[in-house]
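Look at the sequence and the model below. The paragraphs that follow go from the packing of the core to one helix and then to a pair of residues.

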Amino acid sequence: MNEELYMGFESYLNNELPPEEKIQFEIKLKTDNEFNKKFELYKETTLFLNHKFSANTTDFKQNLQSISKEYFSENQQKPTKVIAFKPWYFAAAASVAIVLGTWFGLQNNNPTYGDFNQHENAYFIERGVVDANLRNAQDYFNNHEYNKAVIAFEKIKDINKPELQYYFAIALIETNKYQKAESLLKYIQQGKSSYKEKAIWFLALSKLKQDKIKECKKVLKQMSKDAEDYEKAQQLLYELD
């Protein structure tokens, strides 16, 4: 996750992302507060280097990238290559040590909503069925345009199906409308549909996004061992302890 974030930030700042990935990246910046905070911190660090050490920024960043890749490697192996620093590198390193320390420290904080909010795409439209609001809700949701998705969901006349309520609730969480989202999820949880356990999972994630850690842990413990997201729930519980 750390290496993926680092490379994603670097690619975006260098305008190297494909158009579709760039759009998704910018949508996540707008909808995921934790992701946005991490990106802003990384960007500030990069801008600091460009401003303070502009003459040698390229060399320094190349060394920084090399070190970071070693730091973020899955095996956490020690670097086998010694990187030679010129005298000014030490001044640069000293100047940004606090900022980079904050960056690395941030990665070791408690888990966030953005670490666990992966979900499948919505598919509401069946052959022969023409419902503009359903199609809009589906398409906006799958494109991560959650504000538009919420508006489309609200226009659907018959939203009593657990499937629709589930995806509506996720869109509401993504747009920070927690009370309505949790009301829908609790209603699904009380039923017997196939979305019962999924509702519990996202109810817990709603609490996590609001930093209501105790409530989040309480909800996670309600999940059945047979639930599809049970292992992820256990992982989250472990990271929260």
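Contact here means heavy atoms within 4.5 Å. Leaving out residues up to four places away in sequence, Tyr178 touches Ile173, Ser206, Lys209 and Gln210. The model is predicted, so local features need pLDDT of at least 70 and side-chain atom pairs count only at pLDDT 80 or more, while totals for chains, interfaces and linings use all residues. Residues are numbered from 1 along each chain as its sequence is written, and side-chain values use heavy atoms, with hydrogens and water left out.

Consider next the nonpolar core, a set of buried Ala, Val, Leu, Ile, Met, Phe, Trp, Tyr and Cys residues joined through side-chain atoms within 4.5 Å. Buried means under 20% relative accessible area, exposed over 50%, and partly exposed in between, with a 1.4 Å probe and protein chains only. The largest such core has 46 residues, and those with the most contacts inside it are Phe141, Phe153, Trp201, Phe202, Leu220 and Leu236. Among the elements that give two or more residues to this core are H7 (132–142), H8 (146–155), H9 (162–174), H10 (178–190) and H11 (196–209). Helices (H or I, at least four residues) and strands (E, at least two) are DSSP runs, numbered from the N terminus. The largest share of the core, nine residues, comes from H9. Apart from this core lies another, of 10 residues, including Phe9, Tyr12, Phe35 and Tyr42.

Helix H7 can be followed in more detail. Its buried residues are Leu134, Ala137, Gln138, Phe141 and Asn142. Seen down the axis of H7, they fall within an arc of 115°, so they line one face of the helix; the arc is that of the directions from the helix axis to the C-beta atoms. The buried residues of H7 pack against H8 and H9. With neighbours within four places in sequence left aside, the contacts of Phe141 include Tyr146, Ala149, Phe153, Tyr167, Ile170 and Ala171. At the start of H7, a side-chain oxygen of Asp131 reaches to within 3.0 Å of the backbone nitrogen of Asn133. After H7 comes His144, with a positive phi near 65°.

The last stop is the pair Tyr178 and Ser206. Tyr178 lies in helix H10 and Ser206 in helix H11. Tyr178 is buried at a relative accessible area of 17%, and Ser206 is buried at 0%. Besides Tyr178, Ser206 touches Ile173 and Glu182, again not counting residues up to four places away in sequence. Tyr178 and Lys207 are 29 residues apart in sequence and 8.5 Å apart in space, C-alpha to C-alpha.

How values were computed
Polar contact = N/O pair within 3.5 Å; in protein donor to acceptor, adjacent residues only side chain to side chain.
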